[in-house]
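Look at the structure first, then read on.

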Amino acid sequence: MLGSSVRASTNHRRHCFLENPSSLSSLRHISSSKSNGNANQHSFTVSYLVNKCGFSLKSALEASKRVDYETLHKPDSLLSFFKDHGFSENQTVKLTRKCPELLLYNPDKTLLPKLEFLYSKGVSTTDVAKIISFYPWILRCSLENQLVPAFDYLKNWFPNDTIVQVFKSTPLVLQLNPVTVKYIFQILRDNGVPEKNIVMLARSHPKTLLLSPKKFNKVFCKVRTMGLDPCKTQFVIAILALTSMSRSTWEKKLDVYRRWGLSREEILAAFAKSPWFMTLSEEKVVAVMDLFVNKLGWESSFIAKNPTLVSYSLEKRLTPRASVLQFLVSQGLIEKSFRSTTFFIASENKFLQQFINQRAESTQILKLYQEKLNLSR
């Protein structure tokens, strides 16, 4: 505990504790297992966390194993500190629940310099409060040994005007270890990954740089064994895709595609062509495969050979164009055996010119197409 505290009187502790009388019966076991002095102090801490910080009794008891307040002065001064620096009551409650140890800190000596550092980098008071309430561990990091070096290191990869945006979207980047990052980059360079793709990795998904060398090596080797070319962008995207999910999630996604008749080899080949193929939600995969396989009658193997199809918006692209295709087939204007990725991936103008405008039924088809598009808005 930082600083010294003057013990509160027994009457004051008793008064504070009785703000929540229902807690008394639940906490009687404390006094039976501790000396009276320690029990009173422990009860005071639990009571404070319940009454002032919104803890449940269970979480307060758990937190009291890590913190022990002797008086109201120190925790109250911390609550006032957060309020004075733009934290709402809900945000303060949230961060104290996640990190009750903060209520033991010296606000002016330990916390204020870190907030001022973030302000100096262009992070607004509102954003600082929002981010800290979700990631209170930031206030436990060393300013000189972690926060400042992390921001300085980010300058190597991001323009100054975007560093704040990176921090806001991924606060975890402040945990970057420059030694680990250099190790990761060296592995990529040694295996022929172009510098532009390394920069893309750092900028588009900085969380990857937080992986331990062991875990990154494991992911890297897995991508290599899938046959992806390190010189191509898909190699880095595959790394991003694999690091964004757990092994169990990966297996679940494999099972989703297997249910549509695809083999593991077909799925992995599709992943090698378009790594985002394995990042879609189960609901999206099922809906897209249902559209192509059940409604259009296309083979699931065709989708696997052209995996970019599943990445398009179901509502804004795939369903409206599928309706046009169904109409064309029903009118005998296109053979039922028709298979074309162009039909779905072509730009809007090219699609209209090639598949709608040149037909005698263009007015009817266009009306159908626009109705489906309007449903998605």
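## Helix H11 against helix H12

A crossing counts as right-handed if the near helix is turned clockwise from the far one by less than a right angle, and as left-handed if anticlockwise. In this predicted model, the crossing of H11 and H12 is right-handed.

Two packed helices are described by the angle between their axes and the distance between the axes. H11 covers residues 178-190 and H12 covers residues 195-204. They pack at an angle of about 145 degrees, and their axes are 10 Å apart.

Which residues of H11 and H12 meet? H11 brings Phe185, Leu188 and Arg189. H12 brings Glu195, Ile198, Leu201 and Ala202. By type, this contact has 5 nonpolar residues, 2 charged and no polar.

## The largest nonpolar core

In soluble globular proteins, nonpolar side chains tend to be buried together. Here the largest nonpolar core holds 114 residues. Those that touch the most other members are Phe82, Phe185, Leu188, Tyr257, Phe292 and Phe344. Phe185 and Leu188 are also in the H11 side of the contact with H12.

Take phenylalanine 344. Leaving out residues up to four places away in sequence, its contacts are Phe292, Leu296, Trp298, Leu309, Arg317, Leu318, Arg321, Ala322 and Leu325.

## Proline 275

Proline 275 sits in the loop between helix H16 (264-273) and helix H17 (282-295). Is proline 275 buried or exposed? Proline 275 is buried, because its relative accessible area is 3% and the cut-off for buried is under 20%.

Beyond residues up to four places away in sequence, proline 275 touches Gln234, Ile237, Ala238 and Ala241. Proline 307 lies 32 residues from proline 275 along the chain, with 8.8 Å between their C-alpha atoms.

How values were computed: Residues numbered from 1 in each chain as written. Predicted model: local features only at pLDDT ≥ 70, side-chain atom pairs only at ≥ 80, totals over all residues. Heavy atoms only, no water. Helix = DSSP H or I, 4+ residues; strand = E, 2+ residues; numbered from the N terminus. Buried < 20%, exposed > 50% of the residue type's maximum accessible area, 1.4 Å probe, protein only. Contact = heavy atoms within 4.5 Å. Axes fitted to C-alpha atoms, helices over the stretch in contact; angles between N-to-C directions. Nonpolar A, V, L, I, M, F, W, Y, C, P; charged D, E, K, R; others polar. Core = buried A, V, L, I, M, F, W, Y, C linked by side-chain atoms within 4.5 Å.
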